Number of protein chains: 2
Amino acid sequence: MSSPRVSVIGLGAMGLPMAGHLAAAFPVTAFDVDADRRAAAVERGAAEAASPAAAAADADVLLLAVRDQQQVEAALFGPDGAASTLPEGAAVVLTSTVGPQAARDTAARLPHHRLVDAPVSGGPTRAGAGDLLIVVGADDEALEIARPVLDRLSSTCTVIGPRPGDGQALKAINQLLAGVHIAAAAEAVALARGIGLDPALVVETLSRGAASSFMLSDRGPRMVEAYGDGAEVRSRLDIFVKDMGIVGELARETGVPTPLAAAAHQLYLLGERAGLAAEDDSAVVTVLSPQR
Amino acid sequence: MSSPRVSVIGLGAMGLPMAGHLAAAFPVTAFDVDADRRAAAVERGAAEAASPAAAAADADVLLLAVRDQQQVEAALFGPDGAASTLPEGAAVVLTSTVGPQAARDTAARLPHHRLVDAPVSGGPTRAGAGDLLIVVGADDEALEIARPVLDRLSSTCTVIGPRPGDGQALKAINQLLAGVHIAAAAEAVALARGIGLDPALVVETLSRGAASSFMLSDRGPRMVEAYGDGAEVRSRLDIFVKDMGIVGELARETGVPTPLAAAAHQLYLLGERAGLAAEDDSAVVTVLSPQR
């Protein structure tokens with residue numbers, strides 16, 4: 001199966017560019033609850049469907065790119081859900097970050113399909129360029145069906161284990177580190193401002209040494225430049241409210257203390273409470289140091 | 001003054017390689033309370049002195065590489081202290097991490113000398129190769145005297161401000177990030193073990209993406225490989241007990257909340273309490289996940 005028929009459900013910040021990039025290689029049928037998003041997918045070369053069930057009806061690979069587990073359940077098992085029409089043996093590629101337990105539950109409810117637990121990391125630009133990091137939990141048979149789609153979307157695709165949930169677990173650890181590093185960068189920028197050092201010089205200097213992180217180099221300048229002033233939203237703050245919640249759940253289940261992740265989660269909750277849910281996650285710095 | 005006479009006080013993990021690297025370029029007189037360390041400095045080309053006062057007697061630049069502010073005060077103002085003999089107008093280069101207030105206090109007690117607040121970052125190997133990051137708070141006159149010594153020791157030397165204390169403040173922010181990133185790597189490794197994922201594969205995979213940090217790549221493999229089993233000590237855990245304490249003090253003084261730095265400080269304190277003070281700082285992972 002070199003050219004699978006692909007169904008994409010969820011055409012948001014990640015799903016739309018993924019659908020477009022897939023449509024340049026494979027026949028793609030796309031669905032989103034929002035008609036404007038469906039039209040945007042058609043512009044990018046996909047066919048549009050009127051419901052998840054219609055989108056899935058003759059797919060080899062169903063790719064889910066919705067926001068959270070509630071939307072996963074609606075797309076698969078709700079009215080006109082995709083599970084009712086998806087051909088037996090087809091692969092369901094779950095790219096959303098929903099946590100290991102939700103991925104296992106979803107797999108159990110799809111006995112006639114093959115779940116590929118495949119959360120992605122990278123952001124919209126890389127999603128549209130096939131340059132994502134995908135971390136996968138799936139057995140060999142499921143992988144074989146989904147492989148052309150995973151390869152088309154990713155520059156790095158790491159199979160971390162054979163079980164649905166393994167990919168989610170690794171993604172959760174990714175989010176633990178990413179969420180803590182953003183919060184640490186925010187503390188560094190806020191403290192630099194509090195002391196009266198030039199925060200731009202601090203970020204630039206420290207990005208070159210033992211204090212460096214991807215997030216310090218990426219979010220640090222945004223925290224300095226667009227301080228509390230409506231930075232372009234590249235990744236919403238409330239994504240980390242959700243994802244650090246998944247980290248906390250996983251930590252409790254396994255009995256592993258994660259005090260820094262817990263503190264970071266609280267910081268994102270404070271950001272949400274301060275009205276920053278739909279702002280760029282770099283706006284979390286304003287929780288620590290609100291004044292201009 | 002192209003070839004200053006240099007005095008080095010404190011010949012520990014950082015001071016000894018710095019003294020050796022300086023001695024290959026300048027006349028260096030060295031002192032440490034430990035005779036074995038003095039002998040090691042002589043092997044590296046320095047002359048040895050019997051006291052701080054003797055070491056400082058004809059120096060243009062006095063370099064302090066002791067552990068903490070208590071040792072700084074003993075070296076400068078204790079019995080046979082260096083301040084009593086150091087020629088008027090000489091520069092005192094403070095490379096220890098002691099916090100901004102301690103650096104300002106020290107400057108105030110040296111009215112006839114020029115304090116160059118110059119904490120270093122990089123570790124022993126880079127100290128011996130002139131490859132340190134040095135962050136400086138000093139005025140132009142002090143800098144002019146100390147410049148040959150700073151240039152000899154560093155690959156990057158950033159002057160962050162004109163006041164003693166500015167270098168310490170930047171170093172504290174460096175330590176905030178470094179200490180939080182090590183603790184986050186420990187949470188990631190402990191959680192990977194708790195879930196049953198291969199921690200080496202987790203560290204390797206996540207080091208390539210948005211979760212990456214210098215510390216994840218550097219300390220992560222040490223946490224995985226030498227788990228609780230006496231890893232080679234490259235940087236002692238109790239350094240972060242001290243330095244995160246300085247961060248906390250600075251945060252309180254400026255009124256900036258730093259919840260992640262505070263959580264990391266607690267983790268290093270737990271490590272110290274568990275008997276890990278003199279272990280490699282990567283051993284902090286065993287606080288979160290003690291079993292082999």
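Buried area is the accessible area, found with a 1.4 Å probe, that two parts lose on being put together, summed over both. The model described here is a predicted one, and in it the area buried between chain A and chain B is about 4,700 Å², with carbon and sulfur atoms giving 76% of that area. On the side of chain A, Glu187(A), Leu191(A) and Leu260(A) lose the most area to chain B, and together these residues account for 15% of what that side buries.

The table sets out the counts for this interface.

| Item | Value |
|---|---|
| Residues of chain A in contact with chain B | 54 residues |
| Residues of chain B in contact with chain A | 55 residues |
| Salt bridges between chain A and chain B | 0 salt bridges |
| Polar contacts between chain A and chain B, both residues at pLDDT 80 or more | 6 residue pairs |

The elements that give two or more residues to the side of chain A that touches chain B include strand S8 (132-137), strand S9 (154-161), helix H8 (166-195) and helix H12 (259-273) of chain A. Of the contributing elements, H8(A) gives the most to this side, with 20 residues. When the residues on the side of chain A that touches chain B are divided by class, 40 are nonpolar, 11 are polar and 3 are charged.

Within chain B, the axes of helix H8 (residues 166-195) and helix H12 (residues 259-273) come within 9 Å and cross at roughly 65°, and the crossing of H8(B) and H12(B) is left-handed. From H8(B) the contact is made by Leu176(B), Gly179(B), Val180(B), Ile182(B) and Ala183(B), while H12(B) brings Leu260(B), Ala261(B), Ala264(B), Leu267(B) and Tyr268(B) to it. By class, this contact of H8(B) with H12(B) has 9 nonpolar residues, 1 polar residue and no charged residues.

One salt bridge joins the side chains of Arg147(A) and Asp151(A), with a distance of 3.8 Å from N to O. Arg147(A) and Asp151(A) are separated by about one helical turn, because they lie 4 residues apart in helix H7 (residues 140-153) of chain A.

Methods. Residues numbered from 1 in each chain as written. Chains lettered and ligands numbered in written order. Predicted model: local features only at pLDDT ≥ 70, side-chain atom pairs only at ≥ 80, totals over all residues. Heavy atoms only, no water. Contact = heavy atoms within 4.5 Å. Salt bridge = Lys/Arg side-chain N within 4 Å of Asp/Glu carboxyl O. Polar contact = N/O pair within 3.5 Å; in protein donor to acceptor, adjacent residues only side chain to side chain. Nonpolar A, V, L, I, M, F, W, Y, C, P; charged D, E, K, R; others polar. Axes fitted to C-alpha atoms, helices over the stretch in contact; angles between N-to-C directions. Left-handed = near helix turned anticlockwise from the far one by under 90°.
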